[in-house]
Amino acid sequence: MDTNIPTTDTRLDKLAEVAVRVGLNLAEGQELVMTAGIDSLPLARRITEAAYKAGASLVTTILGDDQMALARYKYARDESFDHAAGWMFEGMAAAYRSGAARLAIVGDDPNLLAGQDPEKIARANRARSKAYRPALELITASAINWTLVPFANAAWARTVFPDVAEDVAVAKLWDAIFAATRADRPDPAAAWEAHNATLLAKRDILTGHNFRALRFTGPGTDLKVGLADGHAWMGGISTAKNGISSNPNIPTEEVFTTPHAAMTEGTVSATKPLAHGGTLIRDIKVRFAGGQVVEAHASTGEEVLQKMIGTDEGARRLGEVALVPHSSPIAQSGLLFFNTLFDENAASHIALGQAYKKCFVNSKTLTDEQFTAAGGNSSLIHVDWMIGSASVDVDGLDAAGNATAVMRKGEWAL
């Protein structure tokens, strides 16, 4: 286990409080289902304490380990990669239906599966996605309050800071995490309240414009993303169907909405690498036609990329488009985190796969049929990758094609 953990750092206690009070806003008497890697036990324990102090009725933690996961790819029988622990995911979905909250502590080794068979990775991911689908649908439909929070393990820190000693790398990554999550502030909850107000104001402006599409232009990018009928912009704090208002991602700097599954056209180049399933995919270049990916390339990890978009028909279509200013604190840190939770909050991005049903004006009454008719995409996956930078402009297009400047050189223009 990583020994370079700030176990006496009060900021770790504050991060646990942010996770429970801001990320989840855990309700009195509510159950919590938490997933965590074994390296993150110091934070998981603090979150458990904070949850019980907040009135949790029961905290159930499911632990994972990178080395055990890697052992599967080295030694498991070939047929095992078409199997997932459906019993576990069924239990998680049952917990959510019964009112439990969901928290995941993230911070995996971005290079864990480098050199492993991409076909096995794709099969395992597909099997897991199918098994997890009932639980994922409750999350994407915002049925429950849920959140993600980070933990700095040594493998992740070495990837972000490869030129310094491991203990220095871990300390640097923790400093970056505490800053991004506002756990280094005197009053993190107050800082989050102010931040959420800023995001709410921006998403209200965008929803009010009711753009028909967004156009991204920049180096290697000329992309028109059609938006779903009756879409609404979300970001920061949101209210789940159980009535609890929470922040699904800690940290978060984005506002986002649902694209129309059949209305994306053009080419786009990623501005940051994508860490996906233990593989780093670099220099992604994609062409869309008729709403779907018709051509996709990458300088490294292309086979994994191709397997990912081949998961199902919806994996080739967009489920999210998000705007993040280049002045985001995470972007201004100058760090490439090789972790989607952070890198997606440093740049505007798109996601292939499942769309969020909460991103509609009438989300509370929206049926599955209405969701699909409005352009919402369905898939076993939801994978974000970054397309924004200080060199990318964004315009909002109305039904007549008239353009309104939304971002210029990566900064808000409205």
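Student: Where is Ser328 found?

Tutor: Ser328 is in the loop between β15 (318-323) and α10 (329-332). Helices (H or I, at least four residues) and strands (E, at least two) are DSSP runs, numbered from the N terminus. A word on the source: this is a predicted model, where local features need pLDDT of at least 70, side-chain atom pairs count only at pLDDT 80 or more, and totals for chains, interfaces and linings use all residues. Residues are numbered from 1 along each chain as its sequence is written, and side-chain values use heavy atoms, with hydrogens and water left out.

Student: Why is Ser328 called buried?

Tutor: Buried means under 20% relative accessible area, exposed over 50%, partly exposed in between (1.4 Å probe, protein chains only). Ser328 has a relative accessible area of 2%, so the residue counts as buried.

Student: Which residues does Ser328 touch?

Tutor: Contact means heavy atoms within 4.5 Å. Leaving aside residues up to four places away in sequence, Ser328 touches Glu253, Asn345 and Ala346.

Student: What makes the buried residues of α9 line one face of the helix?

Tutor: In α9 (residues 302-309), the buried residues are Val304, Leu305, Met308 and Ile309. Seen down the axis of α9, they fall within an arc of 130°, so they line one face. The arc is that of the directions from the helix axis to the C-beta atoms. Among the elements covering these residues are α5 (118-140) and β14 (292-297).

Student: How do you know that β15 and β16 pair?

Tutor: Two strands pair if DSSP finds at least two bridges between them. β15 and β16 have four bridges, in the antiparallel sense. Ala322 stands opposite His349 in β16. These strands belong to an open sheet of four strands with the order β9-β15-β16-β17.

Student: Why are β9 and β17 called edge strands?

Tutor: β9 (255-257) and β17 each pair on one side only.

Student: And what is the sense of pairing between β1 and β2?

Tutor: β1 and β2 pair in the parallel sense, over seven bridges. Met34 has Thr61 in β2 as its bridge partner.

Student: What makes a set of residues a nonpolar core?

Tutor: A nonpolar core is a set of buried Ala, Val, Leu, Ile, Met, Phe, Trp, Tyr and Cys residues joined through side-chain atoms within 4.5 Å. The largest one here has 51 residues, and Ile105 is one of those that touch the most other members. A second, separate core of 38 residues includes Phe216, Ala270, Ala298 and Trp385.
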